[in-house]
Amino acid sequence: MTAVHFLAQQAKLDFNGRLSRPQIAFRSDDSFSPPFWIVVSAPKHDQRVLRCHIFWGIARILNQMIKDGAFIGSIWELQLRGQEVGSISFIAGSDNELEVQPKLSGPTPARPITMGSTADLTPISDGPDIVIGWGFLSEKLTMEDVFMSSIAALILLAERPAQSTFTTFTALYQGYRCIQVWRSYKQPSTMTKEVLISTVTSAVRYALERNNWHGLRGVVKRGGPDGIYVATGGYTIPQTEQGT
């Protein structure tokens, strides 16, 4: 969940911009996230990592961890066309243990990863004015399916300008049996990038809190429980697999 929260935070910023510092550390305050840090480091003190490299890097790292069945503390070097463009570290520990993070001045025994181009509804409050009603579907997924489709959704949203609105939005991470599909409730659309980032993040947290990895549908309102309908949708198995 820490990775989802981190990417959701970064998705609101300039996708093609650079981080503000050569090294940043992130830990989620979500009670369902373990004491776990993500540390992003530039190769040198006078450099800053491109934000797009963080998205592609974390997606590929998590995909590799799932394939290996090994979710452990690790350091990954990001390479683009044979050149190091940064590193991402996954570090377990509390605030007092963060000194184990990799230092920019020393060698990093990193594992390289190559970058490419590219039911009834339960109301849940998600921010000051967004309320989402969630309900589980019958299609059975896995936690990995849901998390990777959510990562794919956050990458696609990060690539779009801040003021973007959507009539429909879909996201699928190749190799996983889960697709995100969201539709604007009315026209002109009020389903904004901000709303979708909050909705995608809230969906994963809702499933994780209940340890339920079936399909999920949601209805999004803005302005509180009595507010305006904004979007409807959720995640499920791809349509080509339904009924097989």
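Because the model is predicted, local features were taken only at pLDDT of at least 70 and side-chain atom pairs only at pLDDT 80 or more, while totals for chains, interfaces and linings use all residues. Residues are numbered from 1 along each chain as its sequence is written, and side-chain values use heavy atoms, with hydrogens and water left out.

Helices here are DSSP runs of H or I with at least four residues, strands are runs of E with at least two, and both are numbered from the N terminus. Nine of the ten residues of helix 1 are buried, so the helix is largely enclosed by the rest of the structure. Buried stands for under 20% relative accessible area, exposed for over 50%, and partly exposed for what falls in between, with a 1.4 Å probe and protein chains only. The buried set in helix 1 consists of Thr-2, Ala-3, Val-4, His-5, Phe-6, Leu-7, Ala-8, Gln-10 and Ala-11. These residues pack against strand 1 (23-26), strand 2 (36-41), helix 2, helix 3 and helix 4, where contact means heavy atoms within 4.5 Å.

Two of those helix neighbours can be described in detail. Axes are lines fitted to C-alpha atoms, for helices over the stretch in contact, and angles between N-to-C directions run from 0 to 180 degrees. The axes of helix 1 and helix 2 (residues 51-68) come within 11 Å and cross at roughly 160°. That angle makes helix 1 roughly antiparallel to helix 2; the cut-offs are under 35 degrees for roughly parallel, over 145 for roughly antiparallel, 65 to 115 for roughly perpendicular, and oblique for the rest. The crossing of this pair, helix 1 and helix 2, is left-handed, a label used if the near helix is turned anticlockwise from the far one by less than a right angle, with clockwise giving right-handed. On the helix 1 side, Ala-3, Phe-6, Leu-7, Gln-10 and Ala-11 meet Arg-51, Ile-54, Phe-55, Ile-58 and Leu-62 of helix 2. By class, the contact of helix 1 with helix 2 has eight nonpolar residues, one polar and one charged. Nonpolar covers Ala, Val, Leu, Ile, Met, Phe, Trp, Tyr, Cys and Pro, charged covers Asp, Glu, Lys and Arg, and the others, Gly among them, are polar.

Helix 3 (residues 143-158) packs on helix 1 at an angle of about 10°, with the axes 9 Å apart. Helix 1 and helix 3 are therefore roughly parallel to each other, and their crossing is left-handed. Val-4, Leu-7, Ala-8 and Ala-11 of helix 1 make this contact with Phe-147, Ile-151, Leu-154 and Ala-158 of helix 3.

On to the aromatics. A search of the whole structure turns up ten aromatic pairs. Rings of Phe, Tyr and Trp (its six-membered ring) pair if their centres lie within 6.5 Å; planes under 30 degrees apart are stacked, over 60 edge-to-face, and the rest tilted. Tyr-173 and Tyr-176 form an edge-to-face pair, 5.7 Å centre to centre and with 70° between the planes. Tyr-173 counts as buried at 16% relative accessibility, and Tyr-176 is buried at 11%. Trp-134, Phe-136, Trp-182 and Tyr-206 form one aromatic cluster.

Trp-182 also turns up around Val-220, among the residues that Val-220 touches when those up to four places away in sequence are not counted. Others on that list include Ile-130, Val-131, Ile-132, Val-195 and Thr-199. Val-220 sits in strand 10 and is buried, with a relative accessible area of 1%. The C-alpha atoms of Val-220 and Thr-232 are separated by 6.1 Å, with the two residues twelve apart along the chain.

Most residues other than glycine have a negative phi, and most peptide bonds are trans. Arg-81, not a glycine, has a positive phi of about 50°; Arg-81 lies in the loop between strand 3 (74-80) and strand 4 (83-92) and is exposed at 73% relative accessible area. Asn-211 has a positive phi of about 50° as well, in the loop between helix 4 and strand 10 (214-222), and counts as exposed at 60%. A cis peptide bond, with omega about -5°, joins Gln-187 and Pro-188, and Pro-188 lies in the loop between strand 9 (179-184) and helix 4 (193-210).
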